[in-house]
Amino acid sequence: MKTVARTALGFAVAAAGATAVSLAASPSASAAPSLCPALPGQSSSTTSCSAESGPTGLALAITDNGGKATSTADNYAGPAAIALGPGATVTMTGDRAGLAIGIAGAGGEVVVDGKNGPTCKGPAFAGDFQTFKGCMS
């Protein structure tokens, strides 16, 4: 049963990623998306996104059209925060080994702390392989 649940979560994460790419590729009235990647031991920030990685993490934050995203990672974690649209916020923390993705649309909110299951409000999706939990609203 765990294999089926993991496979389903994997497909859900892949579908959410494809949705985020298609939403980011659609025309909008704002400037280009902001990208904040952080390799191990690095940090990156702009006015709308920030990413910080410890010596054994990978962090990514992407925003477009008024979203706010933050991502911090360590201990072999790889969280990706994607906020698309006005009022969208995504806060990702990776403190256990595993990947995590959080995507919020306009007015949506995602919080992943790496210890408990993710929380989603508004148009949002999250999949967290640190806790093997997810949410969608």
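User: What does the side chain of serine 48 make a polar contact with?
Analyst: The side chain of serine 34, at 3.4 Å. A polar contact here is a pair of N or O atoms within 3.5 Å; within protein, one must be able to donate a hydrogen and the other to accept it, and residues adjacent in sequence count only if both atoms are side-chain atoms. This is a predicted model: local features need pLDDT of at least 70, side-chain atom pairs count only at pLDDT 80 or more, and totals for chains, interfaces and linings use all residues. Side-chain values use heavy atoms, with hydrogens and water left out, and residues are numbered from 1 along each chain as its sequence is written.

User: Where is serine 48?
Analyst: In the loop between β2 (43–45) and β3 (49–53). Strands are DSSP runs of E, at least two residues, numbered from the N terminus.

User: Serine 48, buried or exposed?
Analyst: Buried, because its relative accessibility is 14%. The cut-offs: buried is under 20% relative accessible area, exposed over 50%, partly exposed in between (1.4 Å probe, protein chains only).

User: And which residues is serine 48 in contact with, leaving aside neighbours within four places in sequence?
Analyst: Ser34, Thr63, Gly67, Lys68 and Ala69. Contact means heavy atoms within 4.5 Å.

User: New topic. Where does glycine 94 sit?
Analyst: In strand β7, residues 89–94. Glycine 94 has a relative accessible area of 5%, so it is buried.

User: What does glycine 94 touch, not counting residues up to four places away?
Analyst: Thr72, Ala73, Asp74, Ala77, Pro79 and Gln130. Take alanine 73: its C-alpha is 4.4 Å from that of glycine 94, though the two are 21 residues apart along the chain.

User: Now β8. How many of its seven residues are buried?
Analyst: Six, so the strand (residues 98–104) is mostly covered.

User: Which way do β6 and β8 run?
Analyst: Parallel, joined by seven bridges. β8 also pairs with β11, in the antiparallel sense, over five bridges. Pairing requires at least two DSSP bridges between two strands.

User: What stands opposite isoleucine 101 of β8?
Analyst: Alanine 80 does. In β11, the bridge partner of isoleucine 101 is glycine 127.

User: Last one, backbone. What is phi of tyrosine 76?
Analyst: Near 65°, positive in a residue other than glycine. Most residues other than glycine have a negative phi. Tyrosine 76 lies in the loop between β5 (68–73) and β6 (77–84). Its relative accessibility is 62%, so tyrosine 76 counts as exposed.

User: And phi of phenylalanine 132?
Analyst: Positive, about 55°, and not a glycine either. Phenylalanine 132 lies in the loop between β11 (124–128) and β12 (133–136). Phenylalanine 132 counts as partly exposed because its relative accessibility is 46%.

Key
Helices (H or I, at least four residues) and strands (E, at least two) are DSSP runs, numbered from the N terminus.
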